[in-house]
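Take a look at the model below. The text after it goes from the whole assembly to single residues.

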Number of protein chains: 2
Amino acid sequence: MTSPRDDDPQGEPDGQEGRPRRGAQGPEAAGHRAHGASIRDVARLAGLSPGTASRVLSGSSYPVSDDARQRVEEAARALNYVTNSAARALVTGRSEIVGAIVHDITDPFFSGVVRGLQDAAVADGLVVLVGNDDRDAGKLEGYLTMLLSQKPTGVVLIGGQLRDPAATLPVAQAVQRLRDQGVPVVAVGRYELDIPHVTVDDVAAAECAVSHLVALGHRRIAFLGGPLNSTTVQDRYAGYSAALTHVGAPVDERLVIQTPLTLEGGSQAIARLIAAEAPFTAIFAATDEVAFGAISALRERGCRIPLDVSVVGFDDVVMAAHSDPPLTTIHVPARALGLAAWHLIARDESGAGAAPGASHLPFELVVRASTAPPSEVFKHEHAITVGGAGGEPAASPSESLTWTAGLDKPNGE
Amino acid sequence: MTSPRDDDPQGEPDGQEGRPRRGAQGPEAAGHRAHGASIRDVARLAGLSPGTASRVLSGSSYPVSDDARQRVEEAARALNYVTNSAARALVTGRSEIVGAIVHDITDPFFSGVVRGLQDAAVADGLVVLVGNDDRDAGKLEGYLTMLLSQKPTGVVLIGGQLRDPAATLPVAQAVQRLRDQGVPVVAVGRYELDIPHVTVDDVAAAECAVSHLVALGHRRIAFLGGPLNSTTVQDRYAGYSAALTHVGAPVDERLVIQTPLTLEGGSQAIARLIAAEAPFTAIFAATDEVAFGAISALRERGCRIPLDVSVVGFDDVVMAAHSDPPLTTIHVPARALGLAAWHLIARDESGAGAAPGASHLPFELVVRASTAPPSEVFKHEHAITVGGAGGEPAASPSESLTWTAGLDKPNGE
DNA sequence: TTGAAAGCGGTACCAT
DNA sequence: ATGGTACCGCTTTCAA
């Protein structure tokens, strides 16, 4: 086979037909490497050059005659041509991928954000890589590094971040490396590291939620969620604290329970709250999940919601409207946040300059049946048995209040 | 001729330090193409050839001296080298990406499966692309095509499939195209199209769940979930039907409500079920979500669970243990399924041959408090007010039964 | 065991 | 408007 002509050292045939590849239709795909048609195959069939074919197929704005365009498109269809994105990414230095990192895709709020991001990105022809960091800076950094090698169009960090300078440094460096490669990094709901981000005004929202309890007459309100050095939790705690301070009710440290933002976390928090032996008539949970967990634990102890204890959540996941009782909570537009994150990236990519430091989406207090005025009978700990006439649960269908303050602050902090 | 080294008009200084790259702080507009170090840079710094560097960096099994290996690794570290996966994918014809398609990542069961897949894939150094198809064959096909251009290491289809030959054909073709490129396609919980898959024995599990209700004395049991031509729903229906038939209780068509597998779907189903005016004492929901939705709608109508109506779900999502009442359901190992899907792909990739047609993971009936014997007082429709002494709710902590039948059938159908 | 060089499949620059 | 072609960064023969 190797018949080296004079100037053909490697005996590389290749002339113009000798490609050892599969031509369009390999009925007998005996070999294991069955590549599809390449852009050169398309060009050849269309009787044009690869350059022209590329200009058509890549949707370039470069001028191409209608005739050529049509022939290329037809040839591509005939050959079942599919762009090799690795090749494209190699030459353009950018892949049509956007990376998303959540703490845990299993969390209903995060999956909602991811869904919004996916819908937006897919509409623009990109795909979304999803990774979990379990709120671990090390995992986050590792994932960012994996993303670096993909040269994605953008990266979205979803969810709050722990304020831990030591752990944050490597993350900051990984983010910087991405940026050095021209990859925009944005966030949903966090604002450390100078990352442009979209979020809801957590402080105001939490204050709004707790003010609702205060308005109902509650003063001894517990805060469930942690850790407190998480940007998200910290802000919600700040709002909680503000609402209380506002009416001259100091925060009772014993009512602040730091617990993971999960169902389990919520349940465990109740045990600790009760062990603290500090009376309370209401609970503000940093997350709906925590609220559900708390409610379930409360109920196990014979406590009735909202007769004995009122509960407010945060996020308004779908389940909130279907739980027992339906949960009063802060509606956060999860999907819209994901969508907005994509816009942040797209704006950056389109050369419209880097995104602003922060932008806010409106939240809403949705009053359902888990909150009511405190009952007259004072109660705490296991002694919760009789609830007294605690007043009517909120009217249903749920009322809702949209909070417009702080909306669309383009560069707020 | 045309040595790729000399005449370098595109401004590639190249000396040994002159790369216009970052020096920890990119002075902003220094240039738009800030590439990282390439493998050639690493090789040069190590005083070796790119080939050798590649053999070290790509974890090739090719023999390399310890000395060389060490120098390459050090150089890579010094330069902060990160592999360009596009380049690697281009030459190897395979990217280190696995594609996952779910109906909706927002569904807690699917996100659990995805999480398992991610954990397994990430452990092997791959990343996961996640897309949603909303149970729409068109979207599914579109996503498969996008994946085709990525040349992923494997593709996982998650969730049941609608048995609709017309809509299925394009999907089958897209799957075939993937396979033609050597991309293994596997599934979690579906078994159409000859796709190797892992799942739980839905028929047996549903039969187990409904048998539990039957054993409690229920005969008029409603089935909630649809559409019935979904592989998953069909199987669960089959199990439901079998359990009933087994005790000589024929299926009452009026008690079979086809409804989307969502919270809303569950709620709406109740309205229709009641409108059907057929008495029932228990409900078997094809999904926990449906069960939650149903319970919420039932409660709105003043119906007590399980006093007036018993409810069984399917999946055992985390919430099932925290709902009111805690839900009796079939535990499906979501994460394990995702993990198993990855093993199916990995086995294929490792040349161990294509995966078997089907493999089953064990399920478990978890009895919690949403089921009890039917009350003596007969009731239906809005007349549900008095429940009578319906017997004790199931003991808590929940009992659980592991179903070992049909376990690990390597090639079962 | 290492080096040299040929591409993988696109894209984009430079002529034409 | 099109064609020719030099790369992108990496892996992988083939030679040494």
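The same surface serves both copies, as 96% of the contact residues of chain A recur in chain B. Contact here means heavy atoms within 4.5 Å.

Some ground rules come next. This is a predicted model, in which local features need pLDDT of at least 70, side-chain atom pairs count only at pLDDT 80 or more, and totals for chains, interfaces and linings use all residues. Residues are numbered from 1 along each chain as its sequence is written, chains are lettered from A and ligands numbered from 1 in the order in which they are written, and side-chain values use heavy atoms, with hydrogens and water left out.

Now the interface between the chains. How many residues of chain A are in contact with chain B? The number is 55, and they meet 57 residues of chain B. The two chains bury about 4800 Å² between them, and 56% of that lies on carbon and sulfur atoms. Buried area is the accessible area (1.4 Å probe) that two parts lose on being put together, summed over both. R115(A), D180(A) and H322(A) supply 13% of the area that chain A buries against chain B, more than any other three residues.

R115(A) also forms a salt bridge with D134(B). Their closest N and O atoms are 2.2 Å apart. A salt bridge is a side-chain nitrogen of Lys or Arg within 4 Å of a carboxyl oxygen of Asp or Glu. The rule finds six salt bridges across the interface of chain A and chain B. Several elements of chain A each supply at least two residues to the side that touches chain B, among them α5 (108–123), β2 (127–132) and α7 (165–180). Helices (H or I, at least four residues) and strands (E, at least two) are DSSP runs, numbered from the N terminus.

D134(B) sits in the loop between β2 (127–132) and α6 (137–150) of chain B. Most residues other than glycine have a negative phi, and most peptide bonds are trans.

Chain A has cis peptide bonds to look at too. One joins G226(A) and P227(A), with omega about -5°. P227(A) lies in the loop between β6 (221–224) and α9 (231–246) of chain A. Another cis bond joins I305(A) and P306(A), with omega about 0°. P306(A) is in the loop between α11 and β9 (310–312) of chain A.

Last, the inside of one chain. Chain A is assigned domain 1 (26–90), domain 2 (94–194 + 335–360) and domain 3 (202–328 + 367–377). Such bounds come from an automatic or database domain assignment. The centres of domain 2 and domain 3 of chain A, taken over C-alpha atoms, are separated by 30 Å. Their contact takes 12 residues from domain 2 of chain A and 11 residues from domain 3 of chain A. Domain 2 and domain 3 of chain A bury about 990 Å² between them, 49% of it on carbon and sulfur atoms. Zero salt bridges are found across this interface of domain 2 and domain 3 of chain A.
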